[in-house]
Amino acid sequence: MNAIDGIIRRALAEDAPTGDVTSETFLPAGARADAEPAAREPGVASGVDVFARVFELTDPACSVEVLAASGGRFAAGHVLARMSGPARSVLRAERVALNLVQRMCGIATTTARYVERVEGTRARIADTRKTAPGLRVLDRRAVRDGGGRNHRGSLSDAVLVKDNHLAVLAAQGIGIGDAIRDARARLGHTIHLEVEVDRLDQVEEVVAAGVDTIMLDNFTPDELRAGVELVAGRALVEASGGVDLDAVGAIARAGVDIISVGALTHSVRALDLGLDIRVSA
């Protein structure tokens, strides 16, 4: 929760660096408010506890009852939480709270749609590092709530050699096979090693050099099927690039193990949630 608290505190400071001048000017100090975030469309719940935590960090006098479990589906009209507290505090926290929970529910809902399209195959849907700056811990959690898996969390977590790395190696006259073998000799035994390729003729050299995962980038379903046959179980096979809801089923049926989808987080639409507030003296 420390990382999440840090995100929330920074968001609150951004939104009201020296207080909420409107509420503090117009609302009586003793006024109280009750509020309920309700879904205006169906979706998958994620971040309702984060929503609650925004109010708690804004003012300990706010109390929130969470009514939707992470990963649970809800229909339009479903109330996700009930909260009450000083009206000034409720109105100071509401936009930050809604921004975070709407984004997280949007990611979880989108992920669930991708997961549904690959049911019955071996493929796992995974996210990428295409997350909102500063929000990766929340974006990744929302992907898990939607039934997806997390890829490496940062550049520090695993080796992933991509096209730009290969271009640098080629310019230095270093073959990818030799580079992989040299890296494997120097890496710790717990470090996962993955290499991206964009042509079938690269597959054998990369797999033979000893990778854990080979990423087939922007391959057609037929090319993916051929790539899976070439790998022959010697490494995990990840498909990436050009993945959308229309294409993901055919990609999964090609026999890959992982499908990484940047669209889960980089351009997700926030789920439409409303917050009705009732203020009393």
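The views are taken from a predicted model.

Figure 1. Leaving out residues up to four places away in sequence, L216 touches V197, V203, L224, G227, V237, E238, A239 and S240. The relative accessible area of L216 is 0%, under the 20% limit, and L216 is therefore classed as buried. A distance of 30 Å separates the C-alpha atom of L216 from that of A270, 54 residues apart along the chain.

**Figure 2. S260 and its polar contact with E238.** S260 belongs to strand 11, which runs over residues 258-260. The side chains of S260 and E238 are joined by a polar contact of 2.7 Å. Beyond the neighbours within four places in sequence, the residues in contact with S260 are A126, D127, T128, H151, E238, A239, S240 and V243. S260 has a relative accessible area of 4% and is buried. E238, A239 and S240 are also among the residues that L216 touches.

**Figure 3. S23 in helix 2.** Helix 2 comprises residues 21-26. The side chain of S23 makes a polar contact of 2.6 Å with the side chain of D20. Not counting residues up to four places away in sequence, S23 touches R88 and L91. With a relative accessible area of 7%, S23 is buried.

**Figure 4. Crossing of helix 1 and helix 3.** Helix 1 covers residues 2-15 and helix 3 covers residues 48-58; their axes come within 10 Å and cross at roughly 60 degrees. Because of this angle, helix 1 is oblique to helix 3. The crossing of the two helices is right-handed. Helix 1 contributes I4, D5, I8, R9 and L12 to the contact, and helix 3 contributes V50, R53, V54, L57 and T58. By class, the residues of this contact comprise six nonpolar, one polar and three charged.

**Figure 5. N218, a residue other than glycine with positive phi.** Most residues other than glycine have a negative phi. The phi of N218, by contrast, is positive and near 60 degrees. N218 is located in the loop that links strand 9 (213-217) to helix 9 (221-231). The relative accessible area of N218 is 51%, which lies over the 50% limit, so N218 counts as exposed.

**Figure 6. A232 in the loop between helix 9 and strand 10.** Strand 10 spans residues 236-240. A232 is not a glycine, yet its phi is positive, at about 55 degrees. A232 has a relative accessibility of 57% and is exposed.

Figure 7. Ten helices and twelve strands are present in the protein. The C-alpha trace extends about 75 × 40 × 25 Å along its principal axes. Of the 281 residues in the protein, 49% are buried. Among contacts between residues at least 6 apart in sequence, 72% join residues at least 24 apart.

Notes. Residues are numbered from 1 along each chain as its sequence is written. This is a predicted model: local features need pLDDT of at least 70, side-chain atom pairs count only at pLDDT 80 or more; totals for chains, interfaces and linings use all residues. Side-chain values use heavy atoms; hydrogens and water are left out. Helices (H or I, at least four residues) and strands (E, at least two) are DSSP runs, numbered from the N terminus. Buried means under 20% relative accessible area, exposed over 50%, partly exposed in between (1.4 Å probe, protein chains only). A polar contact is a pair of N or O atoms within 3.5 Å; within protein, one must be able to donate a hydrogen and the other to accept it, and residues adjacent in sequence count only if both atoms are side-chain atoms. Contact means heavy atoms within 4.5 Å. Axes are lines fitted to C-alpha atoms, for helices over the stretch in contact, and angles run from 0 to 180 degrees between N-to-C directions. Angles under 35 degrees count as roughly parallel, over 145 as roughly antiparallel, 65 to 115 as roughly perpendicular and the rest as oblique. A crossing is left-handed if the near helix is turned anticlockwise from the far one by less than a right angle, and right-handed if clockwise. Ala, Val, Leu, Ile, Met, Phe, Trp, Tyr, Cys and Pro count as nonpolar, Asp, Glu, Lys and Arg as charged, and the others, Gly among them, as polar.
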